[in-house]
Amino acid sequence: MLPEALVDTLRSARHVCVLTGAGVSAESGVPTFREAQEGLWANYDPMQLATPEGFASDPKLVWEWYRWRREQVVNVEPNPAHIGLAQLQDLVPTLTLVTQNVDNLHQRAGSRDVIEFHGNILVDRCFVEGCVIETPLRGDIPLCPGCGAPVRPGVVWFGEAIPEEALNLSFAAASDCDVFLSIGTSSLVYPAAGLVDIARQNKAVTVEVNPDPTRTGFDFVLENKAGTAIPELVNSLSP
Ligand code: OAD
């Protein structure tokens, strides 16, 4: 059962800002990062696989890992949480969706204007120039046709800056929203994890959806899987 006060808050919301993390895609079969047993970072070394230094020292290894993850994400489907968030966009006056996920599942579910805070695993870029380059799923490590540098997955790695436009739009939405939903994220990786603090400073009502809640201070905590909680939210707002 959703708290009545939360439903009332959402009904009267002017601008809802949503931040999603790996937990939103868990029910589609995409592994999360930090869960003890099955999280990716429990089994793989992020310094080797998700840093510019790791890529420079062994690009083949990094590519193998990203091609494996890319195959995972193209072979799964959006789940009820992705679909519910796309529907929510039509039920409130303004909804800004910021995702830390690189799997394209929000877009495939129909969400519009998704802000990709950590890039997109399906888009490749030149390691030196950053320009977008189309590459095949298999074969040798692709090279940039312009400068000859290796091509890299278009995701944000540890130690790298968030794409400027994504950062600016997300900060603006967190500052402007009157409701902030944090869904399926461990809230450990900054600057994404700081968006809720910006929202709170600007008096937004804050809501966490996570079966294993992470932080104190949210006004509402829905201790449930996103694939259950989000459709419930949507149903409660549907005319
Ligand atoms: P994490 O793996 O750190 O956290 C996933 C969260 O999802 C945990 O708090 C889980 O309890 C929760 N969760 C699991 N199943 C869920 C479900 N069905 N419904 C709702 N929540 C569920 O993933 P992120 O917070 O997304 O960055 O990690 C942030 C960033 O760290 C990622 O974008 C990635 C990673 O390193 C980069 O690769 C740059």
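Predicted model: local features only at pLDDT ≥ 70, side-chain atom pairs only at ≥ 80, totals over all residues.
Residues are numbered from 1 along each chain as its sequence is written. Local features need pLDDT of at least 70 and side-chain atom pairs pLDDT 80 or more, while totals for chains, interfaces and linings use all residues; side-chain values use heavy atoms, leaving out hydrogens and water.

Q: How many aromatic pairs does a search of the whole structure find?
A: Let's start with the rule: rings of Phe, Tyr and Trp (its six-membered ring) pair if their centres lie within 6.5 Å. Searching the whole structure with it, the number of aromatic pairs is seven.

Q: Are the rings of Tyr-44 and Trp-68 stacked, edge-to-face or tilted?
A: Planes under 30 degrees apart count as stacked, over 60 as edge-to-face and the rest as tilted. The ring centres of Tyr-44 and Trp-68 are 5.6 Å apart and their planes are at 45°, so this pair is tilted.

Q: How many residues apart are Tyr-44 and Trp-68?
A: Helices here are DSSP runs (H or I, at least four residues), numbered from the N terminus. Tyr-44 lies in the loop between H3 and helix H4 (46-49), and Trp-68 in helix H6 (residues 59-74). The pair links distant parts of the chain, and the separation in residues is 24.

Q: Is Trp-65 buried or exposed?
A: Buried means under 20% relative accessible area, exposed over 50%, and partly exposed in between (1.4 Å probe, protein chains only). Trp-65 has a relative accessible area of 5%, so Trp-65 is buried.

Q: Is Tyr-44 buried, partly exposed or exposed?
A: Tyr-44 belongs to one aromatic cluster with residues including Phe-55 and Trp-157. Its relative accessible area is 32%, so Tyr-44 is partly exposed.

Conventions:
Helix = DSSP H or I, 4+ residues; strand = E, 2+ residues; numbered from the N terminus.
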